[in-house]
Amino acid sequence: MALNKDKRMAEEQAEFKQQTKQILKRFGRKRSNLIPILQKVQGKLGYLPREAMLEIAEFLNMPDIDVYSVVTFYNQFRLNPPGKHSIRVCLGTACHMKGGYITLDAWKRRLEIEPSETTPDREFDLDTVACVGCCTMAPVTVVDNKPQGKVEPTKVDGLLLGFELERKKQKPGGQLPTDEA
Amino acid sequence: MKAAELPTIVSTFRDIKDRAESHWRELRDNSKAVIMVGTATCGRAAGAMEVLKALRDEVKKRNLDCPVIEVGCMGHCYSEPNVTITKPGYPPICYAHVNPVIAERLIKEFILGDDPCLEFVLAAAEENDLVPSFSDFPRAQYEKKVVLKNCGQIDPQQIEHYIAHGGYAALSKALQMRPEDIIDEVKRSGLRGRGGAGFPTGQKWETCRYAAGRSKYIICNGDEGDPGAFMDRAIIESDPHSVLEGMIIAGYAVGARYGYIYVRAEYPLAVHRAEIALRQAQKLNLLGKNILGSDFSFDIKTFQGSGAFVCGEETALIESLEGKPGLPYNRPPYPATRGLNGKPTVINNVKTLASICHIIENGAEWFASIGTDGSKGTAVFALAGKVVNTGLAEVPMGTTLRQVIFDVGSGIPNGKRFKAVQIGGPSGGCLPESALDLPIDFDSLTDAGAMMGSGGMIVLDEDDCMVEIARYFLEFTQRESCGKCTFCRLGTKQMLEVLDEITKGKGRIEDIDMLMELAQDIKAGSLCGLGKTAPNPVLTTLRHFRDEYEAHILEGRCPALMCADLITYYIIPEKCERSCDACVGTCTVEAISPNKQRIKVIDQEKCVKCGTCLTACPPQYNAVIKVSPPSEVPAPKKGKTRK
Ligand SMILES: Cc1cc2nc3c(=O)[nH]c(=O)nc-3n(C[C@H](O)[C@H](O)[C@H](O)COP(=O)(O)O)c2cc1C
Ligand code: FES
């Protein structure tokens with residue numbers, strides 16, 4: 001069992017390396033390309049695994065720690081794998097004043113995770129953003145890259161129910177055991 | 001420009017313009033109806049894409065010759081999704097809150113029939129006898145659209161629309177002028193940077209033009225880090241070419257070869273539309289080598305900012321363009337002499353650049369005739385919060401806050417009372433009722449402790465706690481502080497801790513003095529604008545709303561009933577209706593249950609204070625209230641309800 005897991009991890013790492021290399025082919029070896037590279041790699045892999053960062057550092061001929069410091073400086077980059085669905089609660093001024101923090105509490109309560117975490121079943125990841133530019137619909141939650149307006153605790157439950165139904169539809173007969181037990 | 005090139009520029013541009021105009025005429029040839037759907041982010045959040053699809057499906061199903069095009073944001077974000085229909089024989093009519101069902105009806109009843117569905121109308125775009133028009137709105141008296149002129153009127157993804165509306169004529173004109181004369185024109189117009197600081201744009205360009213160094217850069221600052229603002233996003237999404245045109249003219253004026261549009265990655269649609277615009281401009285040789293046959297060459301790339309507020313600061317922005325963490329550095333040297341890659345660089349805000357083509361087209365005198373003595377032109381605001389007409393507004397500088405909030409914004413919804421307006425974002429402040437008659441320009445608000453900032457305006461009403469909003473902004477700046485300066489890094493943290501305690505009712509009266517002291521130290525000890533202005537929200541609220549701080553500290557009471565630790569939800573037994581279970585069902589944590597008399601009671605241990613029950617309780621009972629301090633709640637008597 002444990003052996004299997006190690007093997008899977010090694011495979012995954014090799015895959016990350018491979019895909020990162022693929023993306024790097026499109027860029028020149030200039031430090032000013034670092035952020036665009038990180039954005040492309042995260043766009044592909046969903047986050048920035050260690051292997052990808054090492055690969056990028058080598059490509060740009062810069063210390064690993066400098067890549068890491070850029071990754072941790074900017075809010076956009078994530079170090080853990082995302083969930084299938086991304087939940088971004090807006091805590092911009094307008095949303096905050098219209099109860100965005102209450103909405104965040106509701107998501108935290110239902111998903112049982114903190115911001116910047118992913119649920120153990122990797123279904124959802126939760127994060128906050130500062131103003132996505134539709135303050136007029138406050139409080140806003142960006143669900144799978146689509147801003148949803150007026151998300152109050154009851155709408156949180158509604159959205160989650162929607163995902164639940166979708167999942168049931170895809171797997172007739174309800175939940176199948178996942179191999180990720 | 002050499003004299004021999006002038007005829008080429010003129011004739012090349014005339015060809016481009018002719019083609020664009022015939023393209024536009026084909027669309028609006030008065031023989032068929034045209035439907036325009038606002039699909040900027042605000043529209044999309046309200047469901048504009050579903051409406052667009054419904055309209056297109058219906059048109060296809062019925063085989064209609066009726067183009068359905070996407071346009072940007074008209075600024076009436078409160079009424080999204082907006083659809084505008086131009087049908088021969090009718091004025092262009094704009095509909096509000098359209099959904100797929102209404103969309104279908106519009107096609108059936110208006111496009112196919114003759115019923116313009118007046119029940120869904122927001123207003124007509126032109127004056128007429130049938131429906132009230134936008135010019136009848138009270139706000140029309142105060143608005144003056146310059147930068148927002150095209151927003152919501154054209155398809156931002158079709159360069160022909162922009163050109164047919166007069167676009168790129170300023171570029172063609174500029175290329176026939178000497179760079180010095182352009183700079184002179186911009187200087188005489190009195191244009192000041194719209195990014196917040198209000199630095200004279202002409203002067204910045206001149207410095208850059210005469211700075212040593214051959215390669216120079218133009219950067220458009222579309223970072224828009226203020227967490228309550230969306231003007232720049234709306235402009236890039238709705239009229240990207242006006243920004244490009246400004247950048248190209250700037251490039252020609254200062255002698256730059258490359259430009260960058262720096263847009264936040266949180267604004268994917270803006271990035272996407274900017275990229276489409278760039279490709280289309282290249283295709284027509286409005287960008288690239290030898291623009292319009294002149295000897296001026298210029299290229300622009302987009303760059304996605306990665307979500308750090310401090311990167312809106314010009315030196316931090318440059319660092320991040322160079323692939324480093326965005327830490328501001330000390331000025332001088334200013335970017336205009338030493339910027340990106342050590343080369344002279346002009347950084348301008350989106351709205352600054354979008355104003356340029358209007359100045360070149362209409363002349364410096366025209367621009368300078370709008371606004372006040374020290375601040376020329378218009379100001380664009382993003383109105384949000386507790387105001388009826390949330391959205392975008394453009395007014396001449398010098399308009400008062402009252403006019404913007406009450407005339408353009410139509411005041412406070414739900415009959416609530418105005419309390420304050422937060423202007424200038426994390427660097428600005430909260431101004432009370434007494435400041436409402438101040439004219440808005442770069443200099444006037446500074447005396448009141450706020451600043452115009454880049455245009456975010458959040459209206460607050462009696463339900464908003466002033467201590468909490470100060471705490472909110474401080475939490476924001478504290479998190480976004482890059483950590484370089486000690487006072488900014490640690491001082492804001494300490495201020496935040498004090499404010500946290502106050503909002504929890506654990507503050508001490510000495511804390512107020514300590515906040516003032518810390519604020520002074522942070523202002524003095526910080527290198528960039530982030531730290532220098534971070535204490536402003538606290539200082540202005542202390543100055544204008546000190547009584548609220550005192551109520552939190554001395555009485556453990558939040559007058560606005562907002563701070564979670566200082567309130568309790570309570571169901572008034574006398575008002576609670578036995579047969580109603582609305583709150584029980586909606587409570588997200590099952591904290592409400594009926595007692596023996598079927599009067600609903602909240603289990604305070606379980607309650608998470610989300611307020612759902614208060615919204616759920618039907619207005620005819622209105623039994624749920626908030627109480628502050630929590631000790632005011634009458635203790636439940638065993639078995640019996642209080643009479
Ligand atoms: C913390 C901080 C954040 C800023 N954010 C922005 C921003 O989001 N957009 C912007 O245009 N300017 C921003 N500025 C101002 C820029 O440093 C710079 O003054 C501006 O881009 C210059 O353009 P302008 O002359 O057209 O105003 C910010 C400044 C500071 C100190
Ligand atoms: S504050 Fe949430 S979208 Fe602007």
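This is a predicted model: local features need pLDDT of at least 70, side-chain atom pairs count only at pLDDT 80 or more; totals for chains, interfaces and linings use all residues.
Me: How many bridges join β7(B) to β8(B)?

Reply: Follow two neighbouring strands and count the bridges. Strand β7 of chain B, residues 258-264, is joined to β8(B) by seven bridges, and the two run parallel. To place one strand against the other, take a facing pair: Tyr260(B) is opposite Lys301(B) in β8(B).

Me: Now chain A. Is strand β3 of chain A mostly covered or mostly open?

Reply: A residue counts as buried when its relative accessible area is under 20%. By that cut-off, five of the six residues of β3(A), which spans 124-129, are buried, and the strand is mostly covered.

Me: In which sense does β1(A) pair with β3(A), parallel or antiparallel?

Reply: Compare the directions of the two strands. Strand β1 of chain A, residues 85-90, pairs with β3(A) in the parallel sense, over six bridges. Within this pair, Arg88(A) faces Asp127(A) of β3(A).

Me: And in which sense does β2(A) pair with β3(A), parallel or antiparallel?

Reply: The strand β2 of chain A, residues 117-118, pairs with β3(A) in the antiparallel sense, over two bridges. Here Glu117(A) stands across from Leu126(A) in β3(A).

Me: How many residues lie between β2(A) and β3(A) in their hairpin?

Reply: Read a hairpin as two strands and the turn that links them. Five residues lie between β2(A) and β3(A). In that turn, Arg122(A) has a positive phi of about 55 degrees.

Me: Back to chain B. How many residues surround ligand 1, and which are the closest?

Reply: Begin with the surrounding residues, then turn to single contacts. Ligand 1 is surrounded by 18 residues, the closest being Gly195(B), Lys204(B), Asn221(B), Asn349(B) and Thr352(B).

Me: Which backbone atoms lie at 3.0 Å or 3.5 Å from an oxygen atom of ligand 1?

Reply: A backbone N or O atom of Glu224(B) is 3.0 Å from a ligand 1 oxygen, and one of Ile347(B) is 3.5 Å from a ligand 1 oxygen. For Arg194(B), a polar backbone atom lies 3.3 Å from an oxygen atom of ligand 1. As for cover, ligand 1 exposes 610 Å² when taken alone, and the protein buries 89% of that.

Technical notes:
Residues are numbered from 1 along each chain as its sequence is written. Chains are lettered from A and ligands numbered from 1 in the order in which they are written. Side-chain values use heavy atoms; hydrogens and water are left out. Two strands pair if DSSP finds at least two bridges between them. Helices (H or I, at least four residues) and strands (E, at least two) are DSSP runs, numbered from the N terminus. Buried means under 20% relative accessible area, exposed over 50%, partly exposed in between (1.4 Å probe, protein chains only). A residue is near a molecule or strand if one of its heavy atoms lies within 4 Å of it. A polar contact is a pair of N or O atoms within 3.5 Å; within protein, one must be able to donate a hydrogen and the other to accept it, and residues adjacent in sequence count only if both atoms are side-chain atoms. Accessible areas come from the Shrake-Rupley method with a 1.4 Å probe; for residues, only the protein chains shown count as cover.
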